[in-house]
Amino acid sequence: MRQKLFILLFMLALSNTLSAQDNSGYQVPPQVIADLADAATTPQISISPAKNWVLMLETPGLPPISELAQAELKIAGLRINPAVNSSSRSAYYNGIKLKSLKTNEEKMVKGLPANPIIENLSWSPQGDKALFTLVNGKGLELWVLELDKATVRKLTEAVISDVMPGLPYAWFADGKTALLKTIPKNRGAVPQLSNVPTGPTVQINEGKAAPVRTYQDLLKNKNDEALFDYYCTSQLQVINLSTGAVTNFGTPSIYGTMDISPNGAYVLMTKIKRPYSYIVPYSMFAREVSITDAKGNPIKIMVNIPPGENLPKGFNAVQEGPRNFSWRADAPATLYWVEAQDGGDPAKKVEVRDKLYSLAAPFTGQEIEVMSFNLRFAGLTWGNDQVALAYETWTSTRKQITSTWSPGNPATSKKVLFDRSSEDRYNDPGSFLTAPNAAGRNVLLSTEGGKTLWLAGQGASSEGDRPFIDRFSLENKKAERVWRSEAPYFESPVSVIDAEKGLVLTSRESQKEVPNFHLRNLQNGQLQQFTKFTNPYKALEGVSKELVKYKREDGVELSGTLYLPAGYNQAKDGRLPVFMWAYPLEYKTAEAAGQVNGSPYRFTRLSWGSPLFWLTRGYAVFDNFSMPIVGAGDKEPNDSYVEQLRAGAEAAVKTLTDRGVADPKRLAVGGHSYGAFMTANLLAHTDLFAAGVARSGAYNRTLTPFGFQSEERTFWEAPEVYSKMSPFNYADKIKEPILLIHGEADDNQGTFPVQSERFYAALKGHGATAKLVLLPHEAHGYRAKESIFHMLYEMDAWMEKHVKNRVEKTGNIRP
């Protein structure tokens, strides 16, 4: 009897263990979902500066998990593949074709090896060739594509250093030579690091405030510093693209950016310097900004910038001293930069925030003060001596100013063109178009002898986005509408091919027509199809799509896109289970919050994280439904985050229910990242949903104490807000089933995997129905085929059980 009791107890214990941990390996979702997730990808395009040829860049499908499982270093905010001395997880192409914009002729590019991994592709200034790197298993080689021959050839062995962000090379203006980052020849073996410490890791702060946000993959000790030096140090070399001959340029260092002057005579570069930081990533390490000549001889050190550990608090905080160095795009060699006039502290009340300075070659004179900015400097667009554009912005007020000025006459005061709210999409004038000049630098696109500029924008409206192109007169500072996308199509400008002739390459699609590139003549309205891509999502044919508008109880206008399964008949099929997907956004005005996003005329395309897969499983999907969090005037949006979140969800559910589409007892809510945070809060503070899916979220805001999303206040300034917004604190209130999914290698600021681990522990401790799925090697966005298939499997199984086929439990799920 005792033996039978022991066996029974053992089996119960084993059953409980199995129910707590399911380690059955990677799973596959229903075949219809798997086929959609693994559908063939559409090629990307790259247009030559001469606007005569297009590179059709083929992209691979979902990579295998073995690709993500390769050795990876996570140091200083970088993720490095040490086997090839490159950044890991890089997107790449696996094929190239040429297609003529004049004749539609296609050419196969000859000379590529089988199964190429093509990265870092860019055109020469003249557009007669392109450079790219090729991964060969041992490292990165540099290759060149010669347009006239439609062939590629190898220029270097696997010596390219591609660890730092940005291209590992830069074009000289002649298009015949380039400056490369290469692995130093005498680098030696990887440092042999001992596991036996020589002492503790010590950090010290002597009275200086350092309110930095939560960063991933930081340096932790001297071993990390040694590896950072080893993999990030590079030797610059100049290569002759005809002969392949190389010449050393300067000495080995950790080079950040390198930017060659438009005339090719000088190089502006940043070098990362010690001491390194353990609380900020490499981009905020100490660095030297300097100028050399075209042979690497030092000309001038512009500034030594200290580590960015002690930045003031706030989104508009910047470092003191010179910053944002860049060449004037339309001049041979003139350098521009800005300097903060408020100590970089947005909390200081000053009239002038930033000043712009310039210094021309040979850089021996005195810098010239060019102009002042009342807000924070946000960039320049160059044109010519008569016209350039300057941008300034302020985050807390959403204020955004675009001004024009004359670089040839710096004393001329800038004139404001647009003074607007960045939130106001309906009145967005668009962005000024640019075109490459002879040096390959983008400058303002102008016609009619420089009297006319061109604007393009998304054209947000109450009917949805309607992209447009405007002609802008520099004489009267007024825009004239030249073209606008018309229903039932969504057509968006991609590139101006010939401004004088009005020839534009556009991307055109509709609900039933897959996006394809077209050549549109703005002068006579003619339209010529350039590509003939086919629909990779046959299983979604017949799905209906509608832009639905409704109101929150406080009058804020809301909208979302409602998708219904193919063949759905409301009278016959009745109410459906609904999968609702959203991502909250903060606003300063209710008017801006109520503006419509997206277009009802876009083709239904899928990404790995889309909720639309479940249209094939009998669900309606309410995608990207509005969840605005408004803080008008002096109020902060997050002061009433939970209340507004609840109101937004209630309005959406009521709308779907009143339309007769939704079964109010079979509603699922989900989101990724901040959408996951939303999902957990909705399950904690409402009784609207049968279940939730939360992917890669943050659930305890005390773990992001120096701000998150648009929240600038620290935890110590607004403890009640941080506490109330954290669903971790309400784990005991969550009674509906919640599926948590997280990448084990999440690299996003604030969404450490521990967020999901601790939240799951809190839910489990209070008896919630919850499941935690950690995806090996996955970052904030998931990539591997096995991971994505398993994610889709888990989501489908969760919703089939807890939503579509849920068994109602008294007192548990509430209608």
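Tutor: Start with strand 14 (residues 234-240) and strand 15, which run antiparallel and are joined by five bridges. Strands pair when DSSP finds at least two bridges between them. Strands are DSSP E runs of at least two residues, helices H or I runs of at least four, each numbered from the N terminus. The model is predicted: local features need pLDDT of at least 70, side-chain atom pairs need 80 or more, and totals for chains, interfaces and linings use all residues. Numbering starts from 1 along each chain as its sequence is written, and side-chain values use heavy atoms, without hydrogens or water.

Helix 4 (residues 222-232) comes next. Its buried residues (under 20% relative accessible area, 1.4 Å probe, protein chains only) are D224, E225, L227, F228, Y230, Y231 and C232. What covers them? Strands 14 and 15 are part of that cover. So are strand 3 (73-75), strand 4 (78-81), strand 16 (255-260) and strand 17 (266-272). Look also at the start of helix 4. There a side-chain oxygen of N221 comes to within 3.1 Å of the backbone nitrogen of N223.

Find S122, which sits in strand 8 (residues 118-123). S122 has a relative accessibility of 13%, so it counts as buried. Its side chain makes a polar contact of 2.8 Å with the side chain of Y169. A second polar contact, 3.0 Å, joins the side chains of S122 and W171. (Such a contact is an N or O pair within 3.5 Å, one able to donate a hydrogen and the other to accept it; sequence neighbours count only if both atoms are side-chain atoms.) Leaving out residues up to four places away in sequence, S122 touches A130, L131, L167, Y169 and W171, with heavy atoms within 4.5 Å counting as touching.

Q44 has L57 in strand 2 as its bridge partner. The two strands form a hairpin with five residues between them. K51, in the turn, has a positive phi of about 60°.

Last, the rings. The structure holds 32 aromatic pairs, with ring centres within 6.5 Å; planes under 30 degrees apart are stacked, over 60 edge-to-face, the rest tilted. F517 and F533 form an edge-to-face pair, 6.3 Å centre to centre with 80° between the planes. This pair links distant parts of the chain, 16 residues apart. F517 is in strand 37 (residues 516-521). F533 is in the loop between strand 38 (527-529) and strand 39 (544-551). F517 is buried, at 14% relative accessible area. F533 is buried too, at 17%. Elsewhere, ring pairs link F706, F708, F715, W716 and Y722 into a cluster.

Key. Rings of Phe, Tyr and Trp (its six-membered ring) pair if their centres lie within 6.5 Å; planes under 30 degrees apart count as stacked, over 60 as edge-to-face and the rest as tilted. Buried means under 20% relative accessible area, exposed over 50%, partly exposed in between (1.4 Å probe, protein chains only).
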